[in-house]
Amino acid sequence: MSAFLQYAFSFPTFIFGVLLALMLLYWLVALAGLVETDAIDHWVLFDGSDHAHGVEHSASALAGLLLKVGLGGIPLTVILTVLFLLAWLSSYLLCHLVPMPRAWAWVNVLTGSVVAVAALVLGFVATVLVLRPLRGVVNKIAPDEEPKVLLGRSGLVRSAVVNATQGYGSVDDGGGGLNLQLRSPERELERGTEVVLIEHLPEQGAWRVVSKAEFYGGEAG
């Protein structure tokens, strides 16, 4: 028991432990009805109008990363909870394998920092492997609901460009918002372009979009 506590409260394992505890506290608050379970998604990924320019781009990069690794559509709250849990486990195991100085000297901090980065990377990879199948489960439960709900919705291009083969953006779904893969075969749409979803492309896991100006009869962007 003492060995467990020693590693659990050592650097850097205790950092992931604190983050995991904060996420569990968030879940308790959400279950009590004091905050929405998808509030973190809204704050971090979709409320770009209230952020500084650089932070908004960071949020867009995060949304794009989640889509690329197959976690798009899974609540960020769930992703962070699983990530911090698996990172904590990875850090705990690595602290068993990597010699750590007892004193909080610069060597200890440097070694612990390397362990922290390694644990975070391992935790992220494990999170992708654990959560990616959930997207398929969600699609099987309600495969036809998404096109009916989102068709005609407006959104914003978040990637550098949306064209026939790549691109993503945030879409107003009437709630916290969604990050979706977007496609525009006719013309390239740059970051910041307001778009409208006009067709679901299930074979690509994406939506065909046009600029809002074009959709409402204005000049094509």
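This is a predicted model: local features need pLDDT of at least 70, side-chain atom pairs count only at pLDDT 80 or more; totals for chains, interfaces and linings use all residues.
Q: Where do I start with charged pairs, and how many salt bridges does a search of the whole structure find?
A: Start with a side-chain nitrogen of Lys or Arg within 4 Å of a carboxyl oxygen of Asp or Glu. Searching the whole structure gives four salt bridges.

Q: Which residue forms a salt bridge with Arg208, the closest N and O atoms being 2.6 Å apart?
A: That partner is Glu186. Now place the two ends. Arg208 sits in strand E7 (residues 206–211), and Glu186 in the loop between strand E4 (178–183) and strand E5 (189–190), so the bridge ties together parts that are 22 residues apart in sequence.

Q: Which residues are linked with Arg208 in a network of salt bridges?
A: Look for a side chain that takes part in another bridge. Arg208 also meets the side chain of Glu199 in a salt bridge, at 3.3 Å from N to O. The network therefore links Glu186, Glu199 and Arg208. Glu199 is partly exposed, with 33% relative accessibility.

Q: Which residue forms a salt bridge with Glu214?
A: Arg187 does, and the closest N and O atoms are 2.8 Å apart. Glu214 lies in helix H8 (residues 212–215) and Arg187 in the loop between E4 and E5, so this pair ties together parts that are 27 residues apart in sequence. Glu214 is partly exposed at 27% relative accessibility. Arg187 is partly exposed at 28%.

Q: Now the rings. How many aromatic pairs does the structure hold?
A: Two. Read the distance between centres, then the angle between planes. Trp88 and Tyr92 form a stacked pair, 5.5 Å centre to centre, with 15 degrees between the planes. The angle counts as stacked because it is under 30 degrees.

Q: Where do Trp88 and Tyr92 lie?
A: Both are in helix H5 (residues 76–97), four residues apart, so about one helical turn separates them. Trp88 and Tyr92 are both buried.

Q: What is the geometry of the pair formed by Phe215 and Tyr216?
A: That pair is edge-to-face, at 5.1 Å centre to centre and 90 degrees between the planes. Phe215 is partly exposed at 40% relative accessibility, while Tyr216 counts as exposed at 61%.

Q: What about the backbone: which residues does a cis peptide bond join?
A: Most peptide bonds are trans. Here a cis bond joins Phe11 and Pro12, with omega about 5 degrees. Pro12 is in the loop between helix H1 (2–8) and helix H2 (13–31).

Q: With which residues is Leu182 in contact, leaving aside its neighbours within four places in sequence?
A: Its contacts include Val162, Val195, Trp207 and Val209. Those four residues also belong to the largest nonpolar core. Asn163, Gln166, Gly167, Tyr168, Gly169 and Ala206 are in contact with Leu182 as well.

Conventions: Residues are numbered from 1 along each chain as its sequence is written. Side-chain values use heavy atoms; hydrogens and water are left out. Helices (H or I, at least four residues) and strands (E, at least two) are DSSP runs, numbered from the N terminus. Buried means under 20% relative accessible area, exposed over 50%, partly exposed in between (1.4 Å probe, protein chains only). Rings of Phe, Tyr and Trp (its six-membered ring) pair if their centres lie within 6.5 Å; planes under 30 degrees apart count as stacked, over 60 as edge-to-face and the rest as tilted. A nonpolar core is a set of buried Ala, Val, Leu, Ile, Met, Phe, Trp, Tyr and Cys residues joined through side-chain atoms within 4.5 Å. Contact means heavy atoms within 4.5 Å.
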